[in-house]
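Subject: Structure handover

Hi,

Here is the structure for you to look through. Please open it first, then read my notes below.

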Amino acid sequence: MPSYYNIDDVLMEDEPISVVFQVGANGVGLLDPGSETNNIEKGAKVDLPFWLAHELYLRQAVSTNVPACFSMKTRKEIQADASCVDLRFRCPYFYELGYKIAPLVGDKSIGAFLRYAFTSRYGEILSKSHSTAGTAPKFSARLTKEESQLFEAARSSMAAFKKWKIGGSRLEKASILGRKRKTTLPQPSIP
Amino acid sequence: MYGRRASQLLRELASCEAGQITSFNDDNLEQVIRECNEHNLQLQSLIRKIEDASLDIQTTRNEDHYGAVIHHLSLTRNKRCLMAYIFNRAEVIQSLRWKIGPVLPQEIKEKLNYLEEEFFKNHSAAVESYMSELDLDMTVDMVPPKDPYIRVKVLDDIGEVFLNDHTVNLTQHSLHFIKRTDAEPFISQGLMEEFLE
């Protein structure tokens, strides 16, 4: 269970889910761009962020549809060549959303699909992260948030290993000061 | 859309690298708080409507109820976003004390809200009083040392500095062989670098 303050978890819950209202709701016309009044009618089809769709689903106020990123088309593409599919474009929180959406839409195949997608992409991520020096823009642009964290972790541990081989870590400047431009003004001397 | 602006705050925070900090977004924060007040007003008016129709507030499940639920959920969502924004920034600010030391450079100070500056000062004071109690500087030796002395190159004019029992003139481009613990704060501030042959 991610923490209340976890940024990625908060942003994941912002992903849009298409829902159909099973009840009417007053005073929230802003949610439905097609609505002419300030109300939402029963049967209206609206895109809601996950945090809202989830809670309304629990109150049986809406029924949810499977998001586009878990559609048949994406599944076919993943089956053809998993590591070539641009998952970030489809949904940067692909796995997390899939995990949370599965109980809501009653589609039992999502779990197996997520596992298939992850395991078949994992090998490529690992080998690319160890072999590329610096970043691999073309490849890492296709990764979801979780995958790029994995990629980064593998890359930096390989870099740390190589550094260790040539004599260990050194004292370094704090990374937050890294982008400081050189100033020509006389600096006050530090006592 | 509800909650959109609040998540923009977090998106901004997520887009910068780990350990870095963005400027405190006063405007956006204000707007989110205004949005919260608006939700609260709408929520109150919908509840009043239910009460005016003399329906039981606990069991009524009409259009007004669901409208009120959506406003309530939007409020808690906005709250979570704001809390996460403040909390995650506070964590970075805490880490600055260990990375840079008790004085923040101007370009970082500018990015902080005045309450955050206050927080940094208080955190720094707490760390210092703990260290003086222990009689140990915990911010040095972040990298395990191999030798108590280190060869350094000075990158910026630092001037006369009193180290241990004698003064050293740290002029730009000069090389020194000094105690590792003395050099460490200068290196982390970017004023010196370790000199390797």
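What share of the 191 residues in chain A is buried? The answer is 39%. Buried means under 20% relative accessible area, exposed means over 50%, and partly exposed lies in between (1.4 Å probe, protein chains only).

Some ground rules. This is a predicted model: local features need pLDDT of at least 70, side-chain atom pairs count only at pLDDT 80 or more, and totals for chains, interfaces and linings use all residues. Residues are numbered from 1 along each chain as its sequence is written, chains are lettered from A and ligands numbered from 1 in the order in which they are written, and side-chain values use heavy atoms, with hydrogens and water left out.

Chain A

Chain A has 8 helices and 3 strands. Helices (H or I, at least four residues) and strands (E, at least two) are DSSP runs, numbered from the N terminus. Starting at that end, the order in chain A is α-β-β-α-β-α-α-α-α-α-α. Now take the contacts in chain A with a separation of 6 or more: 64% of them join residues 24 or more positions apart. Contact means heavy atoms within 4.5 Å. The accessible surface of chain A is about 11,100 Å², and carbon and sulfur atoms hold 57% of that. Such areas come from the Shrake-Rupley method with a 1.4 Å probe; for residues, only the protein chains shown count as cover.

Record annotations

An unreviewed UniProt entry gives residues 5-57 of chain A as "domain: DNA replication complex GINS protein PSF3 N-terminal". That span is 26% helix and 21% strand, with its end C-alpha atoms 23 Å apart. For chain B, an unreviewed UniProt entry gives "domain: GINS subunit" at residues 62-134. Here the chain is 85% helix and 0% strand, and the end C-alpha atoms are 63 Å apart. UniProt positions are in the numbering used here, feature names are shortened, and annotations may be inferred rather than shown by experiment.

Where the chains meet

The contact takes 56 residues from chain B and 44 residues from chain A. About 4,500 Å² is buried between them, 63% of it from carbon and sulfur atoms. Buried area is the accessible area (1.4 Å probe) that two parts lose on being put together, summed over both. The interface holds 5 salt bridges. A salt bridge is a side-chain nitrogen of Lys or Arg within 4 Å of a carboxyl oxygen of Asp or Glu. One salt bridge pairs B:Arg11 with A:Asp14 (3.0 Å, N to O). On chain B, the elements that give two or more residues to the side touching chain A include α1 (4-15), α2 (26-52) and α3 (63-99). Of the elements on that side, α3(B) gives the most, with 19 residues.

Salt bridges within a chain

Over all chains, the count is 19 salt bridges. In chain A, A:Lys73 and A:Glu77 form one, with the closest N and O atoms 3.6 Å apart. Both sit in helix α3 (residues 72-80) of chain A, 4 residues apart, so about one helical turn separates them. A:Lys73 is exposed at 57% relative accessibility, while A:Glu77 is partly exposed at 26%.

In chain B, B:Arg97 and B:Glu128 form another, with the closest N and O atoms 3.2 Å apart. This pair links distant parts of the chain: B:Arg97 is in helix α3 and B:Glu128 in helix α5 (residues 114-134), 31 residues apart. B:Arg97 is buried at 5% relative accessibility, whereas B:Glu128 is partly exposed at 35%.

Best wishes
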